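User: Hi! Could you walk me through this fold with a few questions and answers?

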Amino acid sequence: MIRVLLVDDQPLIRSGFRALLDLEEDIEVVAEAADGEQGLALTEQYLPDVVLIDIQMPVIDGIETTRRIAADPALASVHVVILTNYGMDEYVLDALRAGAAGFLVKDIVPDDFVHAVRVAARGDALLAPSVTRKLIKQYVTQPLPVAADADAGLAELTRREREAVTLVAHGLSNDQIADRMVISPVTAKTHINRAMTKLHVRDRAQLVVLAYESGLVTPRNP
């Protein structure tokens with residue numbers, strides 16, 4: 001059973017999300033919060049698999065709430081998905097750097113929304129296509145400086161681990177990576193997990209960000 005916490009200051013939005021998720025036999029909404037502070041407390045209380053958080057909220061906004069969840073070792077199993085009406089570049093980058101596993105705009109269709117919860121629960125990176133395009137454009141037009149610890153971590157990767165990270169950054173699933181590298185999905189996942197450990201990243205979403213920031217993957221300007 002996938003356990004979900006909803007964090008949004010609009011009761012109507014929360015009700016709509018709950019109604020969609022309650023229809024699924026494998027998903028349970030364990031609690032709802034109206035602000036970031038309450039959302040953080042309920043995350044600590046319920047330890048949900050997925051926390052769906054709005055960016056614009058009172059008391060503590062969604063990005064800061066995400067940052068605090070990601071920084072708590074006791075909440076390492078919690079996957080945060082940011083929900084917003086905006087989809088602006090600065091929010092994408094800030095949310096992913098804060099530790100979000102994904103970023104979705106609220107105009108997503110119901111089936112895709114439910115699928116997104118399942119994707120986040122299993123630990124895969126999740127970005128809406130429109131958000132992905134903006135993220136790539138950001139790195140094409142405004143390259144960012146590379147952190148020294150990112151360079152050090154990349155130097156520790158094996159050739160196969162670097163290859164796996166590159167394929168993750170291109171959006172491939174474990175099965176697709178396994179096919180491309182001619183290895184089993186279990187071995188592909190092992191390469192990715194070891195790379196995340198060496199690079200000190202929380203999940204695949206942060207791995208994607210690091211891959212672009214470090215220059216391991218360089219997007220082409222269309």
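This is a predicted model: local features need pLDDT of at least 70, side-chain atom pairs count only at pLDDT 80 or more; totals for chains, interfaces and linings use all residues.

User: How many helices and strands does the protein chain have?

Analyst: Helices (H or I, at least four residues) and strands (E, at least two) are DSSP runs numbered from the N terminus. Of the 222 residues, 49% count as buried, where buried means under 20% relative accessible area, exposed over 50% and partly exposed in between, with a 1.4 Å probe and protein chains only. The count for the protein chain is 11 helices and 6 strands.

User: Is strand E4 mostly covered or uncovered, and how many of its residues are buried?

Analyst: E4 spans residues 79-84 and is mostly covered. His79, Val81 and Leu83 point one way, Val80, Ile82 and Thr84 point the other way, and all are buried. The number of buried residues in E4 is 6 of 6.

User: Which residue of E5 is the bridge partner of Ile82?

Analyst: Two strands pair if DSSP finds at least two bridges between them. E4 pairs with E3 (residues 50-54) in the parallel sense over 5 bridges, and there Ile82 is the partner of Ile53. E4 also pairs in the parallel sense with E5 (residues 102-105), over 4 bridges. In E5, the partner of Ile82 is Phe103.

User: What handedness does the β-α-β unit of E3, H3 and E4 have?

Analyst: The helix in this unit, H3, covers residues 62-71. A crossover is right-handed if, with the strands pointing away from the viewer, the path from the first strand over the helix to the second runs clockwise. The unit made by E3, H3 and E4 is right-handed.

User: How far apart are the C-alpha atoms of Ala100 and Val81?

Analyst: Ala100 lies in the loop between H4 and E5 and counts as buried at 0% relative accessibility. Contact means heavy atoms within 4.5 Å, and beyond its neighbours within four places in sequence Ala100 is in contact with Thr66, Val80, Ile82, Ala95, Asp203 and Ala205. Ala100 and Val81 are 19 residues apart along the chain, and their C-alpha atoms are separated by 5.8 Å.

User: Where does Asp8 lie, and what is its relative accessible area?

Analyst: Asp8 lies in the loop between E1 and helix H1 (11-22). Leaving aside neighbours within four places in sequence, its contacts are Ile13, Arg14, Ala33, Ala34, Asp54, Met57 and Lys106. Asp8 is buried because its relative accessible area is 2%.

User: Why are H8 and H11 described as roughly perpendicular to each other?

Analyst: Axes are lines fitted to C-alpha atoms, for helices over the stretch in contact, and angles run from 0 to 180 degrees between N-to-C directions. Angles under 35 degrees count as roughly parallel, over 145 as roughly antiparallel, 65 to 115 as roughly perpendicular and the rest as oblique. Val165, Val168 and Ala169 in H8 meet Arg204, Leu207, Val208, Ala211 and Tyr212 in H11. The axes are 9 Å apart and the angle is about 100°, so H8 and H11 are roughly perpendicular.

User: What is the distance between the axes of H9 and H10?

Analyst: H9 (residues 174-181) packs against H10 (residues 185-199) at an angle of about 100°, which means that H9 is roughly perpendicular to H10. Asn174, Asp175, Ile177, Ala178 and Met181 in H9 meet Pro185, Ala188, Lys189, His191 and Ile192 in H10. The distance between their axes is 8 Å.

How values were computed. Residues are numbered from 1 along each chain as its sequence is written. Side-chain values use heavy atoms; hydrogens and water are left out.
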